[in-house]
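Me: I've got a model open on my screen and I'd like to walk through it with you. Could you take my questions one at a time?

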Amino acid sequence: MVINKSSIFKWCNECNVPVLGKKCGCGSSEILIKISYPGDVRIVFEAESKNIDDIISKYYGSEARVKSKIILANKRGGYDKTNELIIDGIMVGVLSFDIVSRQHKFVPTARGEFYFTKRMKERVKEIPLPLSGFLKGKVFKWDKNILKRDYGIVKSAGKLLFIRKRESDYKIIDVVLNKEYCSKENSIKKMLDMNMNHLKKIESEAKIMLRSHIQKYPEMPVNVAFSGGKDSLVVLDIAESVLKNVDVYFVDTGFELAQTTEFVKSFGSKVDILKTSSDFLADFSKLGPPTKDNRWCSKRLKLDPIFNHIKKKYPEGCLTVGGKRALESFSRAKSMPEEKNPFVPCQISVYPILKWKAIDVFSYILMKKLKYNPLYDLGFDRVGCYMCPAQLEGDSLLVSKVSPELFKEWRNLLYKWAEKNNFSKKYINLGLWRWKELPKKMKELATDMNINTVSSLKKKK
Ligand SMILES: [Zn+2]
């Protein structure tokens, strides 16, 4: 995983909104925000925004509340769900889910700490430090009570320093640039207005792309692969505006949350709902849970039903419009706009929004006022099977809140499997079952916590 590589995100300080295209609608020049690669920034919706607001106000106090603001999140690498948060044109900090405590943790950036200090109208204390030269990384001892929190801003020799309280001293994390930030009110509506040209442009490009593929394969019937998620919702809308009648299919793996199946059903009979004929529980007892590195569920629950459907309904082949995006994952980064399905030979897939960012997708949905899956409002940033091994533990926490019965049922199945295979409950609770071969950092975590893993059990034998 690439962690140190960075991306650039643009913001208009005049309008206090993100800039999605080349320029803001107001014509002002934008500021650049450095964020982690690949920079698939998204809009934070209702429940997640409230959660972030609660965490921030708990840490900084109620004056720091950010609920009325546009909050953007950028996913980056970490033990589990980890997002950089962008508010008022500043990358204010990193919110991560700690798999051990099952709590969210917020760590501010230098500018973020300065931003919150200013919002709370806190006075920055001046301390005459006996330090010179390059200050970043230096350590000093001082009065224990200089900081109210773990992080803070102090002033020394005219410089603003972002420091962290440690057991017996302070560490200078960074020198803060005293740049103004925009404190103007903002709203999603304003963001959409100011980015209208960009949204219209990518919409028209996607339509042109799709039309050209339909013309390339004039004999082929066209359908949309619908997952109930945001990306395929957008391609469904685009496909329906290009073609009058378009077939739609959705694969019900049997592990969808009720919100997703209800949402898909609301589209009525135009959606073919495909179901698997394989027996998941029988496979599970033979193979154990599917893992990130052995996703046997995918063939049985998804690919087989698609294969059967396409073969039956489109024996001469078909053109499928999919919502795949390159930025969504590292494995998708090299996808082509047109692909033959290696598992379903007569199916050609086209991806009209391959180059879109998550924020383009959400903005399009809001601009067009499309009805979307309610799971997004409940805090999910992706929708799919609730037992998916690719799901982060931060998201499994959401499943446990939204659908406690299904969560419990799946956990119990995992616990039973763990007991039979000499794994502890912790092995399940930390989400270690999601790998056949644990990545290095997870292996280290298991060793630190004295938890049996596949390889430690092998050694004991
Ligand atoms: Zn502007």
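Reply: One term before we start: two strands pair if DSSP finds at least two bridges between them. Helices (H or I, at least four residues) and strands (E, at least two) are DSSP runs, numbered from the N terminus. This is a predicted model, where local features need pLDDT of at least 70, side-chain atom pairs count only at pLDDT 80 or more, and totals for chains, interfaces and linings use all residues. Residues are numbered from 1 along each chain as its sequence is written.

Me: How many bridges join E1 to strand E2?
Reply: E1 and E2 form a hairpin with four residues between them, and Asn16 in the turn has a positive phi of about 55°. Trp11 stands opposite Pro18 in E2. E1 and E2 (residues 17–19) run antiparallel, and the number of bridges is three.

Me: Which strands stand at the edges of the five-strand sheet?
Reply: The sheet is open, with antiparallel pairing and the order E4-E5-E6-E7-E8. Two of its strands have a single partner strand each, so one side of each is left without a neighbour in the sheet. Those are strand E4 (42–43) and strand E8 (103–108).

Me: And what angle does the direction of helix H1 make with that of E8?
Reply: Helix H1 (residues 46–60) packs on the sheet, touching strand E5 (71–75), E6, E7 and E8. Contact here is between residues (two are in contact if their C-beta atoms, placed from the backbone, lie within 7 Å). Axes are lines fitted to C-alpha atoms, for helices over the stretch in contact, and angles run from 0 to 180 degrees between N-to-C directions. For H1 and E8 that gives about 65°.

Me: Which residues in H9 do Leu199, Ile202 and Glu203 meet?
Reply: Those three sit on the H4 side of the contact. On the H9 side, their partners are Asp360, Ser363, Tyr364 and Met367.

Me: Is Ala157 buried or exposed?
Reply: Ala157 lies in the loop between strand E11 (151–156) and strand E12 (159–165), and has a positive phi of about 50° although it is not a glycine. A residue is buried if 20 or more other C-beta atoms lie within 10 Å of its own, exposed if 12 or fewer, and partly exposed in between, with C-beta atoms placed from the backbone. Ala157 has 12 such neighbours, so Ala157 counts as exposed.

Me: What is the positive phi of Asn450?
Reply: Asn450 is in the loop between helix H13 (440–448) and helix H14 (454–460). Asn450 is exposed, with 9 other C-beta atoms within 10 Å. Although Asn450 is not a glycine, its phi is positive, at about 60°.

Me: Last one: which peptide bond is cis?
Reply: Look at the loop between E3 and E4, where Pro38 lies. The cis bond has omega near 0° and runs from Tyr37 to Pro38.
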